[in-house]
Protein chains: 2
Amino acid sequence: MEVNDTSDRCDPDRPAHPGVFPTREAGKSDHQPAERSVDFPVSVVLPAGGTGERTGLQTPKQFCSFLGRPLISYTVQAFERVSWIQSIVVVVAKENMDLMTDIVQRFQHRKVRAVPGGSSRHRSIWNGVLALGEMEGAVIIIHDAVRPFVDEDFLYKIATAAKEHGAAGAIRPLVSTVIATTSEGYLDHSLERAKYRASEMPQGFTYDVIYQAYQRCSESDFEFGTECLHLALQYCGTNAKLIQGPPTLWKVTFKRDLAAAESIIKDALSRSACVITGGSVRAATLADALQKAVGALGTELDVIPDLKGENARYLLKEVNFIQVSVGRSCLSEVEAVLKELEAANLALLHPLVVIWVHLSDSDELSVSGRAAQPAAIMDLSSAAKLQNILLYGIQLHQSEDTECWERSVSRVAELASALIRERSLALVGQLLQA
Amino acid sequence: MEVNDTSDRCDPDRPAHPGVFPTREAGKSDHQPAERSVDFPVSVVLPAGGTGERTGLQTPKQFCSFLGRPLISYTVQAFERVSWIQSIVVVVAKENMDLMTDIVQRFQHRKVRAVPGGSSRHRSIWNGVLALGEMEGAVIIIHDAVRPFVDEDFLYKIATAAKEHGAAGAIRPLVSTVIATTSEGYLDHSLERAKYRASEMPQGFTYDVIYQAYQRCSESDFEFGTECLHLALQYCGTNAKLIQGPPTLWKVTFKRDLAAAESIIKDALSRSACVITGGSVRAATLADALQKAVGALGTELDVIPDLKGENARYLLKEVNFIQVSVGRSCLSEVEAVLKELEAANLALLHPLVVIWVHLSDSDELSVSGRAAQPAAIMDLSSAAKLQNILLYGIQLHQSEDTECWERSVSRVAELASALIRERSLALVGQLLQA
């Protein structure tokens with residue numbers, strides 16, 4: 001069974017490697033696939049000059065923000081974490097050069113340079129290729145800035161096929177029947193679907209092929225053409241090798257695609273969480289119950305006593321933390337977690353979620369003490385928000401009644417799952433009741 | 001400027017008529033476009049036999065739920081509210097007949113009948129056409145069950161063009177370049193994009209054309225064909241009139257499209273809300289401030305004293321209610337609103353949102369009284385949830401300090417907008433702090 005087939009069937013929009021988004025160290029993923037040998041240089045040109053007409057939005061799609069980060073940064077990250085990719089040139093409209101430079105700095109992208117584009121797609125790509133400098137023997141991958149979910153597996157296939165055949169490109173089956181129209185707007189004929197494919201990105205070329213294709217092509221090609229594979233065929237006689245890509249290659253085109261992209265990003269960030277019990281037995285019992293209940297909702301929970309020693313690795317790999325506190329001493333524990341996360345500056349690429357679950361006996365807190373908690377957690381959360389850490393609280397009461405207790409646990413699970421999944425800014429600092 | 005152009009540019013995924021989803025009376029929309037004269041019978045065949053392979057989900061897409069209602073019901077609703085459409089036949093796989101019948105009953109769809117499909121798309125459509133019975137002079141519209149956002153304007157264009165030309169079909173520009181591949185998987189040539197279009201749905205046919213096309217076509221057409229326009233051309237010599245449709249015609253195909261569809265539905269449901277002040281001056285002042293703040297977030301607020309007399313119309317047209325209460329007497333007001341909504345049984349097609357905003361002086365409630373509120377609103381919300389009414393609470397304190405007050409108001413606005421937009425089941429019954 002082919003990799004593409006599998007991903008098509010199981011969960012077509014999910015990036016192939018689950019660790020892809022949560023990983024905050026570019027190039028080092030927890031779920032790194034087997035190391036690949038690429039014994040030739042590979043660089044990337046990302047045309048990002050689009051104006052986003054089809055989304056109908058003011059902001060071009062590549063600069064639309066998802067959880068506080070522009071789409072182009074996600075795409076750049078997809079390449080940056082691939083160890084065998086040397087450098088990335090992002091080609092943007094002149095008026096967006098400052099914006100792009102700012103994005104590169106803010107999200108600490110390495111390997112990346114922004115260069116100004118030309119008056120058409122081909123001219124922009126050509127500018128990008130020229131900016132790479134002489135790269136004899138290298139493969140140049142060209143990709144769209146608005147296809148952020150490309151994975152290393154597929155990039156590897158394109159790069160090696162390009163090296164072997166001179167050019168390679170991603171294709172997808174056609175979703176609709178393609179028809180030819182008469183000049184009067186009537187059906188002329190329909191194409192036999194099986195013979196045709198949609199040409200997608202990424203595409204790869206040996207440096208020589210892409211360089212010569214652009215050197216030899218006409219002004220009209222530069223102005224009106226869109227298909228690099230076509231230029232390689234026409235001007236270098238290179239028949240590109242076509243490789244079927246996974247549906248994740250899809251291009252953010254319409255406004256509805258923004259919601260789809262956001263949903264994929266949120267999915268990737270809500271696959272797992274870790275529960276910190278502080279070593280308390282009651283907290284551990286609750287954590288175990290949550291593990292089952294939250295697991296059933298699709299998020300895997302690891303239960304640990306603290307973030308020390310061996311468990312410090314969760315600081316690097318996890319983006320969701322649930323601190324269970326029992327009794328009075330409560331907020332101090334979550335404050336400690338926040339401090340560790342802030343100190344490590346780990347929320348650069350994605351907002352981290354911290355949920356404080358407070359388990360109390362109904363008589364443990366004075367009524368006035370209980371009334372002070374909402375204000376305390378709100379204050380704490382305001383400070384954390386500035387560090388891109390989203391803090392929420394959930395309260396539940398210990399109950400001897402089994403049914404009542406189980407209902408509370410499943411409410412906590414439901415609330416925690418929703419908070420982790422939605423990463424809502426509006427709800428930051430709220431103390432919810434389970 | 002053409003209608004299609006406009007919608008492409010402004011907000012391409014939004015159904016053309018803003019009232020389309022919030023309207024709970026099928027066929028009677030608040031934003032009804034000018035009455036159209038269609039002086040011939042029009043019926044609809046909706047093939048809904050797909051297995052949803054491409055989403056990678058267990059449930060076929062047409063039966064996936066959005067805010068508690070299956071996608072097919074949204075599509076049916078899109079046709080049902082068009083006054084000049086007589087009847088709708090939904091063709092489903094035999095094993096889904098009971099499910100479909102249940103959906104029709106549960107969501108009180110009229111005009112609709114479910115019939116079992118055949119072993120291929122064409123056989124299923126043919127079954128649907130036969131189920132309509134002899135319809136001399138009528139137009140039959142064929143549409144996909146998984147294209148729920150089709151609007152009356154476009155249906156009208158297709159129906160009238162089909163009547164005039166015998167057949168008509170929706171087209172869209174190609175998003176990707178289409179290429180022909182060699183049998184070895186190399187690029188053969190790329191098509192000139194401008195000459196080709198993607199064939200989409202809906203399509204319309206006079207009864208005679210579609211009937212004859214299916215009567216005359218071969219077993220192989222029945223088994224392997226997908227394009228009705230092609231059969232009309234081949235077997236009746238009818239060149240279909242092609243009409244460019246809006247991007248809203250898009251087909252829910254991949255898993256990511258489910259998120260896109262949900263987002264469009266949520267957008268449609270969060271365009272407006274009404275604020276009920278109970279006639280109190282302080283409540284009205286808060287409501288006015290909210291009107292500005294929530295408006296800036298994209299939801300239009302109407303401020304009314306109550307739901308009586310002239311204002312009872314809001315019960316019929318609105319799906320979001322904000323009850324502002326001042327001081328102690330608070331929950332009784334929101335209870336009254338819930339009763340009116342429940343009595344009218346208005347939450348059949350969409351969950352209604354009710355937000356209780358409680359404005360208190362810090363000293364107005366005893367500390368113990370304040371501690372009892374969360375339980376009271378949770379109880380109230382559990383009962384309302386059974387009626388598909390989602391109740392949430394937001395508390396804020398009156399403040400003399402202008403800056404503090406403005407911050408509170410903007411927090412209420414932010415929370416209310418998020419609650420209305422997300423319609424979260426997990427958060428039902430929570431009392432949030434502004």
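The dialogue below takes up symmetry, the contact and then a sheet.

A: This is a predicted model, in which local features need pLDDT of at least 70 and side-chain atom pairs count only at pLDDT 80 or more, while totals for chains, interfaces and linings use all residues. Residues are numbered from 1 along each chain as its sequence is written, with chains lettered from A and ligands numbered from 1 in the order in which they are written.

Q: Which rotation superposes chain A on chain B?

A: Copies are superposed by least squares on the C-alpha atoms of residues with pLDDT of at least 70 in both. Here a rotation of 180° with 0.0 Å of shift along its axis superposes chain A on chain B, at an RMSD of 0.0 Å. The two copies are thus related as by a two-fold rotation axis.

Q: How many residues does the contact take from chain A?

A: Two residues are in contact if their C-beta atoms, placed from the backbone, lie within 7 Å. The contact takes 61 residues from chain A and 61 residues from chain B. Because 100% of the interface residues of chain A are also interface residues in chain B, the copies meet through the same surface.

Q: In what order do the 6 strands of the open sheet in chain B lie?

A: Strands of a sheet pair through backbone hydrogen bonds, either parallel or antiparallel. Strands are DSSP runs (E, at least two residues), numbered from the N terminus, and two of them pair if DSSP finds at least two bridges between them. In chain B the order is β13-β12-β14-β15-β16-β17, with parallel pairing.

Terms used
Helix = DSSP H or I, 4+ residues; strand = E, 2+ residues; numbered from the N terminus.
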